[in-house]
Amino acid sequence: TLFPYSTLFRSHCRFATNVLLLSCLTGISLAQPGSSTANATTVTPETGFISPAKYTNAFFGFALPLPQNVPLGGMSLRPKSGPVHFLFGVQAQRNGLAVLTVTAKAEGSVPDGARGAASGPKHLSTKRVEIGGREFWKGESQEKAAGGKMRSLGFATSNSGYVLQFDVVSFDAKLGDELQRSIESITFFDPSKAEEVAGPDSHPYNS
């Protein structure tokens with residue numbers, strides 16, 4: 001598969017601790033990967049493509065480049081509650097665990113919209129930034145945790161009646177920076193061009 005799991009984690013205990021922290025931060029719980037039951041011709045928020053270079057979403061029309069110098073492992077997450085769509089997720093471990101998740105939620109269900117999403121449950125201070133010609137809100141914090149110094153980073157923007165949210169939780173400062181640069185390099189396009197933008201080396205992504 002594109003994202004191998006076997007060599008990601010050296011310690012099951014450390015992995016469990018870190019994932020618990022991620023779950024508390026994002027309000028999302030782990031689920032086992034499963035086959036999609038959606039009609040292949042129906043475009044939903046979860047419809048997308050994956051290649052070694054990027055993740056491309058066909059509903060919102062954006063492409064997220066992926067770091068090329070570190071093995072990435074796939075994730076399957078299930079929202080704990082509410083109308084949250086899980087779009088994409090990867091995890092990696094180099095000098096500590098780092099996780100990137102992409103979710104979408106109906107704009108009317110998010111208090112204070114994109115700015116509130118970037119602030120998150122920890123009410124991080126936020127600032128306005130521009131990515132791919134669009135307004136984003138960014139929230140960031142660092143704290144000591146069981147797995148070491150944990151950096152939390154959130155980006156959010158409004159798109160097609162939804163709030164798109166990109167979250168990074170990292171115990172590896174350099175890897176966290178790489179994932180941040182990936183988010184800051186997102187490009188937007190006409191969603192009908194998704195397969196073309198994804199490229200010939202891509203295939204449908206099953207979240």
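Predicted model: local features only at pLDDT ≥ 70, side-chain atom pairs only at ≥ 80, totals over all residues.
Residues are numbered from 1 along each chain as its sequence is written, and side-chain values use heavy atoms, with hydrogens and water left out.

Strand β9 (residues 126-131) runs antiparallel to strand β10 (residues 134-145), and six bridges join them. I took strands as DSSP runs of E, at least two residues, numbered from the N terminus; two strands pair if DSSP finds at least two bridges between them. Two residues lie between β9 and β10, and in this hairpin Gly132 takes a positive phi near 60°.

I then traced an open sheet of five strands, antiparallel in pairing, with the order β13-β4-β3-β2-β14. β13 (187-188) and β14 (203-204) are at the edges with a single partner strand each, so one side of each has no neighbour in the sheet. Two bridges connect β14 to β2 (residues 48-50), and Phe49 stands opposite Pro204 in β14.

Next I examined Asn57, which lies in strand β3 (residues 54-57). Asn57 is buried, at a relative accessible area of 0%; buried means under 20% with a 1.4 Å probe, protein chains only. A polar atom of the Asn57 side chain lies 2.9 Å from the backbone nitrogen of Phe59. The Asn57 side chain also reaches the backbone nitrogen of Phe60, at 2.7 Å.

Note on methods. Helix = DSSP H or I, 4+ residues; strand = E, 2+ residues; numbered from the N terminus. Buried < 20%, exposed > 50% of the residue type's maximum accessible area, 1.4 Å probe, protein only. Polar contact = N/O pair within 3.5 Å; in protein donor to acceptor, adjacent residues only side chain to side chain.
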